[in-house]
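Please look at the sequence and the structure below, and then read on for a description that moves from one residue to the whole chain.

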Amino acid sequence: MAVHHGCGAHSQLRRVVTDRILRTLHRTGLAEVFALYPTRAHALSPDRTPG
């Protein structure tokens, strides 16, 4: 969370997560806080739409 908040408004920390981690983040409500992607290619794509 500290790294996420430290990025500021002009940067976005993108995370690649497995299904297991994604389920945990959904349960805790953190999936809505972070930009999450299923693969590195998705995270680095020009449109950067979280998936």
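Leaving aside its neighbours within four places in sequence, Val16 is in contact with Tyr37, Pro38, Thr39, Arg40 and Ala43, where contact means heavy atoms within 4.5 Å. The C-alpha atoms of Val16 and Tyr37 are separated by 4.8 Å, although these residues lie 21 residues apart along the chain. Val16 belongs to strand β1, residues 14–16, and Val16 is partly exposed because its relative accessible area is 46% (buried means under 20%, exposed over 50%, and partly exposed in between, with a 1.4 Å probe and protein chains only).

This is a predicted model, in which local features need pLDDT of at least 70 and side-chain atom pairs count only at pLDDT 80 or more, while totals for chains, interfaces and linings use all residues. Residues are numbered from 1 along each chain as its sequence is written, and side-chain values use heavy atoms, with hydrogens and water left out.

The protein chain has 3 helices and 2 strands, which follow the order α-β-α-β-α from the N terminus on; helices (H or I, at least four residues) and strands (E, at least two) are DSSP runs, numbered from the N terminus. The average pLDDT, the predictor's confidence in each residue from 0 to 100, is 80 for the protein chain, and 69% of the residues score at least 70.

| Element | Mean pLDDT |
|---|---|
| Lowest: helix α1 (residues 2–6) | 56 |
| Highest: helix α2 (residues 19–28) | 94 |

Of the 51 residues in the protein chain, 20% are buried.
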